[in-house]
Amino acid sequence: MTDGLERLWAPHRMTYIAGKDQPPGCPFCVAPGMEEGSLVVARGKLVYAVLNLYPYNPGHLLLCPYRHVADYTEIDAEETAELAAFTQTAMRVVRAVSGAHGFNIGMNQGAVAGAGIAAHLHQHVVPRWGGDGNFMPVIGHTKVLPQLLSETRDLFASAWLDL
C-alpha cells in the first residue's frame, strides 16, 4: 500500500542530512572566509548576509554577526544596529530583484525553538509572494525553487552594491 505522495528526488539534500562534505566548525563562522561556492551576498563591518543553502523560499537570506554568539542578548549595540540596517537593505534588495510582496523575518533562539544551528545567532529574511503557499508545498509536500543559488547570489550581491 502506498502513501499516495509523488516523489521529487533531490539527492543533493543527502549531503545536508548525512552531515557529509561540510567544513569543520560552525558554518556561520566558516562562510565569510569561503571563496569558491560562497553564498555570501554582502559583508558589513560586524554582520554579513548569506543565502540559505536550504531555503524555505527563493531568496531566503540569513543575516549573521561575524562574532560567534548564540543569543540575541549577547550582541552589542553596534552589532544590533548593523543587523537592523542589513535587514532593511536585504528587504530592499529582494524587492528590487524579485518583487517580493512581503517577508517573514525572525530568529529561532535555541534548539527547542527550532534553531538548526543554535550556537551562532542568525536572522532569517524569507521573501513571500501572494500564492506562494500553492498546491506544491501544501498538497504535494514539495517546494519548487526556480533559480540556482549561485545565480540568486550574483543578482543579490549586485543589487546590494547598487543601494
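This is a predicted model: local features need pLDDT of at least 70, side-chain atom pairs count only at pLDDT 80 or more; totals for chains, interfaces and linings use all residues.
Quick housekeeping: residues are numbered from 1 along each chain as its sequence is written. Local features need pLDDT of at least 70 and side-chain atom pairs count only at pLDDT 80 or more, while totals for chains, interfaces and linings use all residues, and side-chain values use heavy atoms, with hydrogens and water left out.

Okay, the core. By that I mean buried Ala, Val, Leu, Ile, Met, Phe, Trp, Tyr and Cys residues joined through side-chain atoms within 4.5 Å. Buried is under 20% relative accessible area, exposed is over 50%, and partly exposed is in between, using a 1.4 Å probe and protein chains only. The largest one has 34 residues, and Val41 and Trp160 are among those with the most contacts inside it. Elements giving two or more residues include β1 (40-43) and α5 (149-162), but α3 gives the most, with 6. Helices here are DSSP runs of H or I, at least four residues, and strands are E runs of at least two, numbered from the N terminus.

Now, salt bridges: a side-chain nitrogen of Lys or Arg within 4 Å of a carboxyl oxygen of Asp or Glu. We get 3 of them.

Glu78 pairs with Lys45, closest N and O atoms 2.7 Å apart. That ties helix α3 to the loop between β1 and β2, 33 residues apart. Glu78 is partly exposed at 42%, and Lys45 is exposed at 61%.

Arg67 pairs with Glu79, also at 2.7 Å. Arg67 is partly exposed at 38%, whereas Glu79 is buried at 3%.

Finally, Asp154 pairs with Arg153 at 3.4 Å.
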